[in-house]
2 protein chains.
Amino acid sequence: MKEVILSQVYQHPLISAEDLRRIIDAHHPRSFKKGELIYKRGKVLNEYLVLENGLIRSYTHNYHGDEITTDFFGQYEVVIEVLSLFQRTPLQEDLHALTDGCGWTIQYDTFQELYHTIPGLSEWGRLWMTNKLFQFKQKSIDIITQSARARYLDILTNKPQIIRHAPLKQIASFLGITDTSLSRIRKDIG
Amino acid sequence: MKEVILSQVYQHPLISAEDLRRIIDAHHPRSFKKGELIYKRGKVLNEYLVLENGLIRSYTHNYHGDEITTDFFGQYEVVIEVLSLFQRTPLQEDLHALTDGCGWTIQYDTFQELYHTIPGLSEWGRLWMTNKLFQFKQKSIDIITQSARARYLDILTNKPQIIRHAPLKQIASFLGITDTSLSRIRKDIG
DNA sequence: CCAATTTCTTGCCATAAGACAAGAACAATC
DNA sequence: GATTGTTCTTGTCTTATGGCAAGAAATTGG
């Protein structure tokens, strides 16, 4: 299973079979229970996690103290907060398991060494960043141009596991509305 | 001036003086007039631009055909759409000069060569991406948690040149409100 | 299996922002 | 400097969402 997941995630034309082997070998197993805090706010992130299964969310608090869910991570996704990992600053978010699950971690130092010795990996990393950047940019645009209802329907069709496992309040804060409003939207959809 | 701007922008502990020299030499001058379309939607971006002075905005259209300003770029900023440059896909936005200005461009191929031969440059690139990612993430959170008025005041204090040069309608679409609403916010502020 | 806690729904009223439209101010061009 | 188009303001009315609060439903822990 390790090979299947990781060769999928690190797929890139410039990463050779041998390079891929080195990358895979650098990952260690990690499993977690529902409710577990996987990475805690305030600490500098020292690894990241490639998710084999389970659902994780990241959240922070606004000036008012309300919890804001900033992202959800599902199967085959990379659970990371890049600012903390690559700028060596304290995590600004908590990462929290919504279900039991497991995945594969790689330490910062190991990743750095591979990043500088496997040219394909720095290309891969840049592509990954590019995609993530695009996602967040698109999210900003969607919040501006789409109704909360449309954004909910979008999650419902594209990321149904979020709807299944995350409580309404967390989905609401991710969408940028209150739990009350989301409850009404759900009622309305039927 | 070229040296001042570019050594500022490419400042990084792992970039040596010689590396910096190579990077600087790879940049070519580019100037533009107010209103000029600097990069056009539909084409694959083949270079990026480090801005010496002037103000540029990127915009796209929503499903309704309305223009949405997605970003503004000022002095010392890197004018780029990473998805197009690094994934070799057509630009999804137009980049449009709000004022006369000038800066320094570097071609994709040249950048790639430097990226893979100067280890510090791939670190620099990753840091840049990290920051940009953080900005967009923060923008999503701000749209959700702050009022349009608060976000306008934020631009007013932190990026006043935008308020000075961009027409109200473009600022409004960047904030995610209508020009009418922004006009009322301005009136209210006094 | 019951008590405690959390999550979700619903009602009522308040508010920020939108839609549309008319006109004023400003800028650009000949 | 008159004409034309663009940008900005203002008015009226509508709508999506929020704030607060009460109760129902579901989940969790002994």
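Some conventions before we start. Residues are numbered from 1 along each chain as its sequence is written, and chains are lettered from A and ligands numbered from 1 in the order in which they are written. Because the model is predicted, local features need pLDDT of at least 70 and side-chain atom pairs count only at pLDDT 80 or more, while totals for chains, interfaces and linings use all residues; side-chain values use heavy atoms, leaving out hydrogens and water.

I begin with helix 1 of chain A, residues 2–9. Helices (H or I, at least four residues) and strands (E, at least two) are DSSP runs, numbered from the N terminus. Which residues of helix 1 are buried? They are Lys2(A), Ile5(A), Leu6(A) and Val9(A). Viewed down the helix axis, these buried residues fall within an arc of 85 degrees, so they line one face of helix 1. The arc is taken from the directions from the helix axis to the C-beta atoms. Buried means under 20% relative accessible area, exposed means over 50%, and partly exposed is in between (1.4 Å probe, protein chains only). As a general point, an α-helix has 3.6 residues a turn, so residues three or four places apart point the same way.

What covers that face? The cover of the buried residues includes helix 2 (17–25), strand 3 (47–53), strand 6 (78–79), strand 8 (101–107) and helix 5 (119–145) of chain A. Contact here means heavy atoms within 4.5 Å.

Met1(A) counts as exposed, at 56% relative accessibility. Together with Val4(A) and Tyr76(A), Met1(A) makes a nonpolar surface patch of about 290 Å². Patches are made of residues with over 30% relative accessible area and no salt bridge, with like charges joined within 9 Å and nonpolar side chains (Val, Leu, Ile, Met, Phe, Trp, Tyr) within 5 Å. The areas come from the Shrake-Rupley method with a 1.4 Å probe, and for residues only the protein chains shown count as cover.

Tyr76(A) has another feature. This residue has a positive phi of about 70 degrees, although it is not a glycine. Most residues other than glycine have a negative phi. Tyr76(A) is found in the loop between strand 5 and strand 6 of chain A and is partly exposed, with a relative accessible area of 31%.

Now the strands. Two strands pair if DSSP finds at least two bridges between them. Strand 4 of chain A, residues 56–61, is mostly covered, with five of its six residues buried. Which strands pair with strand 4? One is strand 5 (residues 67–73), antiparallel and joined by six bridges. In that pairing, His61(A) has Glu67(A) as its bridge partner. Strands 4 and 5 form a hairpin with five residues between them, and Gly65(A) in the turn has a positive phi of about 95 degrees. Strand 7 (residues 94–97) also pairs with strand 4 in the antiparallel sense, over four bridges. There, Ser58(A) has Leu95(A) as its bridge partner.

Chain A also has an open sheet of four strands in the order 1-8-3-6, with antiparallel pairing. Strand 1 (28–32) and strand 6 stand at its edges, each with a single partner strand, so one side of each is left without a neighbour in the sheet. Strand 6 is joined to strand 3 by two bridges, and Val50(A) stands opposite Val78(A) in strand 6.

Last, salt bridges. A salt bridge is a side-chain nitrogen of Lys or Arg within 4 Å of a carboxyl oxygen of Asp or Glu. Arg41(A) is partly exposed at 44% relative accessibility, whereas Asp94(A) is buried at 9%.

In chain B, Asp188(B) and Arg149(B) form a salt bridge, with the closest N and O atoms 3.2 Å apart. Asp188(B) is in helix 9 (residues 179–189) and Arg149(B) in helix 6 (residues 148–158), so the pair ties together parts that are 39 residues apart in sequence. That ends the talk.
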